[in-house]
Amino acid sequence: MSDAGPILEVKDLRVHYGAIEALRGISLEVSDGQVVALIGANGAGKTTTLRAVSRMLRPSGGQVRFRGEDVTRLPSHAVVARGMAHAPEGRGIFLNLSVRENLDLGAYLRRDRAGIASDVERAYTLFPILAERRAQVAGTLSGGEQQMLAVARAMMSRPKLMLLDEPSLGLAPQVVERIFGVLREVNASGVALLLVEQNAHKALQLAHRAYVLETGTVVMQGTGRELLASPEVRKAYLGE
Amino acid sequence: MTRARALLRSFLPFLVGLPILVVLEAVTPPDFSLILVSVGVNVILAVSLNVVNGFTGQFSLGHAGFMAVGAYTAAKLTTALAGVELPFLPQVLSDQIFFALALSAAMAAAALAGVLVGMPSLRLRGDYLAIVTLGFGEIIRSVIENLKALGQATGLSGLPARTNLVWVGISVIATVVMAYRLATSTQGRALFAIREDEIAAEAMGVDTTGYKVRAFVISAAYAGLAGALISHAILLATPRMFTFVRSIEVVVMVVLGGLGSITGSVVAAALLTVALELLREFQAYRMVVYALLLIALMLLRPQGIFGTRELWNLALFRRLFRSPRLAAAATSGASPTEIRDDSTTGGAV
């Protein structure tokens, strides 16, 4: 499934926060059905890259092509409609709404009721804890449950590409295992993933390709296995 | 629910309401009638402002401005057409037809003003939006005060008496039905999502700016309707009727009733209007009363009288009017928003 041509192409992407250049020309590619990881230290521009790709912020230069179409100038909600789902950092779920209502809003752009209902059931199968908590207000969930809800909700739009920002942030190791297990399943069902992770080890194990970011530029790229084996990466990001 | 039944649901209140209103208009003494008119007008104002401040969570302080646009538009039309008679129709009937026209024009003009203000300002959030809308209301007022054609500070007086309880009642029903239909639709769900978390709503594919402008325009149109109605009841349209104190008054009603609750807006608007009428001698202190009311509310019941709940979701109401649809909606529990009607969940509309 990995070499089916790029679903996402990012060319020379630049983002400024005021006078500060946060991204200095990032180029990357996600092929259809692939998992691509962005790793790097804090402030390297990983989250900024995701936000610029999903148009949550406006790039100052460069181009984003999604499924062959230039989406650089589109508003964020229009990018969602084209099949890209973003599970933002800090999860971005509706804390005052129930689990079920969050899932329903994930399917906001869909009109096929039967399909939505079966996808909700699928989400409950993937995350049994969400089924238990379906009527509970999302703000009362634990961090791990909220993260599961964020992933489950992102899937409700039946995306072709899912952007995940730090899905393991602040979670217990066991919960991280569970989340990554689910991401593997999600990917196996044909959804490409662009994943930003602090937990470089886990991310590289899952990823087909990975990019290493440093101060707004790509300093290294390769398959997940290559980077896992690279001495520089092992030293800088895997703590060896 | 089928489309035909949904339509019937929307028309039923009008069918039931009309004969009652006609009788009411015939038997109510003039003094009391004016109080009822101002109750109705305030209900329209509160319910429509609730669409922006309650459903969408945007803080608008410019409702009086839109009222003024509606009032003056209608006033100009009715005075111009006061002597005109449609062929083959008695004067009374042709007056009423022209008034219907004037009310529609008032709504259209206010909606247009809503587009003009909403497009640039709804990119702002929270306090900034409140300041911009407040400024807009004051701009409208000072424009009127300086336009010869609109009578400057004296305003337009001697308007024909066209408002009656039937018009007001029908307008109230229309406003409430609009708000109810909106709250239970996919569009309403988008508005609630914006209120809860704008960034997350955008990530779900909700066109947040687009929906905010839409809510704002709908709300402005009904404010225009309210302005037209009140000015043809007191036969006067002056800039002093549409100061920012008037906007604050409506905000107080909405907050008092509970942001997001249609029932709350209706109840609070009616209560406040009647209370102020009873305390007429203390008119000078009305701002003090509002301030005290709001402080007491924030201390005792910050979510407002009804919170975000509705009459039709309360247990007592359901027991009295048991309907399978409402009962089904109720089983999903009293979560803090109205996004719980499973029959429309998942974008069935």
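**Strand pairing and domain arrangement in the predicted model**

In strand S2 of chain A, A:Arg24 stands opposite A:Arg14. The structure is a predicted model, in which local features need pLDDT of at least 70 and side-chain atom pairs count only at pLDDT 80 or more, whereas totals for chains, interfaces and linings use all residues. Residues are numbered from 1 along each chain as its sequence is written, and chains are lettered from A and ligands numbered from 1 in the order in which they are written.

Strand S1 (residues 6-17) of chain A pairs with S2(A) in the antiparallel sense over 9 bridges; two strands pair if DSSP finds at least two bridges between them. Helices (H or I, at least four residues) and strands (E, at least two) are DSSP runs, numbered from the N terminus. An open antiparallel sheet of 4 strands runs in the order S2-S1-S4-S5 in chain A.

Chain A is assigned domain 1 (1-83 + 160-240) and domain 2 (92-158), with bounds from an automatic or database domain assignment. Contacts (C-beta atoms, placed from the backbone, within 7 Å) link 12 residues of domain 1 of chain A with 10 residues of domain 2 of chain A. On the side of domain 1 of chain A that touches domain 2 of chain A, helix H2 (76-81) and helix H7 (173-188) of chain A each supply at least two residues. H7(A) gives the most to this side, with 5 residues.

Conventions
Two residues are in contact if their C-beta atoms, placed from the backbone, lie within 7 Å.
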